Amino acid sequence: MSQYKSKCYQIDWLLGLTPTLHIFFRCAVDRDSWCAAGLSSVLHNVAYQQSNAMDRIFAMCSKESSDTVGRVAMLLWCIWHNRNDKLWNDNVQMPRQIGRYAFDAWNDWYSVHKLQSNSVSGSTEADLVRWEKPALGWVKCNVDVTFVSGFGRTSVGLCFRDNSGQFMAGMTQWQQTVISPVEGEAWTLLLAMEEARYRGLDQVQFESDSKVLIEAIHMKHRGNSEFLSIVHDILNFMSSFLNFEVKFVRRQANSIVHTLARAANSCNSFHRFEIIPLLNT
């Protein structure tokens, strides 16, 4: 019971505001925000269709993991903040912006919290963020995505390295649209798997700094959202390539592809690298 209360504590303040279904669950804008934050499957779960907001939130707290509850809490706060911002400042955000902010804020909080927890156990920050070589015979592929709002683009980067840590190949690509963070991360991983197949690599460990994406793959989440449709394609890939693995890695250990993704905007829309590129970022 204490664990249940602990999971509920982080969002109980919201229930004293305006706990109506419309505010957080039924408004079209807010429903799109749930989707953009990668929480569409939670919103539409048949177990969470209670008749009032309080019961619905408590049901989520009792059934979902602490991480998912934390993401829900962050999204509800962002929805409420957006409504206040619209009321008092006439500042309106699109659903994708609300969902993206909630997604990024939760990932940042999780990274800091994980760092602090591990620091207590005696680990150093350097130990936590170090990139690790794959096992003998394996290749590691790191992936990342960035959103270039000034150009209205989503840019991706990926990098293959062998078991000695040597650069094997890389790729950048951008598309002339800005999609949600979870969709972008999933799209990037799918591109990486397609590139691995193109290069004839069949023992690859893929690393992403999106905990939401890796969790969705490991849990084999299904749904009708664009994000989960891409996850479904990734799972199909992995069923054909049994030695494709996916792993969550902290952002600091994913820095090389973050730099590639940021630099993608200055390259052609699709570019392969066979040697380490010289980047100006």
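Me: What percentage of the 281 residues of this chain count as buried?

Reply: 48% of them do, where buried means under 20% relative accessible area, exposed over 50%, and partly exposed in between, with a 1.4 Å probe and protein chains only. Bear in mind that this is a predicted model, where local features need pLDDT of at least 70, side-chain atom pairs count only at pLDDT 80 or more, and totals for chains, interfaces and linings use all residues. Residues are numbered from 1 along each chain as its sequence is written, and side-chain values use heavy atoms, leaving out hydrogens and water.

Me: Why is Asn 142 called buried?

Reply: Its relative accessible area is 0%, so it falls under the 20% limit. Asn 142 belongs to strand E1 (residues 139–148); helices (H or I, at least four residues) and strands (E, at least two) are DSSP runs numbered from the N terminus.

Me: What makes the link between the side chains of Asn 142 and Arg 161 a polar contact?

Reply: The distance is 3.4 Å, and the rule asks for a pair of N or O atoms within 3.5 Å (within protein, one able to donate a hydrogen and the other to accept it; residues adjacent in sequence count only if both atoms are side-chain atoms).

Me: Then Asp 30, over in helix H3 (residues 28–36). Why does that one count as buried?

Reply: Its relative accessibility is 2%, so it too is under 20%. Leaving aside neighbours within four places in sequence, Asp 30 is in contact (heavy atoms within 4.5 Å) with His 22, Ile 23, Phe 24, Ile 79 and Arg 83. Ile 79 sits 49 residues away along the chain, yet the two C-alpha atoms are separated by 6.8 Å.

Me: Why is helix H10 called oblique to H11?

Reply: H10 (residues 211–218) and H11 (residues 226–240) pack at about 55°, with axes 10 Å apart. Angles under 35 degrees count as roughly parallel, over 145 as roughly antiparallel and 65 to 115 as roughly perpendicular; the rest are oblique, so H10 is oblique to H11.

Me: Which residues make that contact?

Reply: Val 212, Leu 213, Ala 216 and Ile 217 of H10 meet Phe 227, Val 231, Ile 234, Leu 235 and Met 238 of H11.

Technical notes:
Axes are lines fitted to C-alpha atoms, for helices over the stretch in contact, and angles run from 0 to 180 degrees between N-to-C directions.
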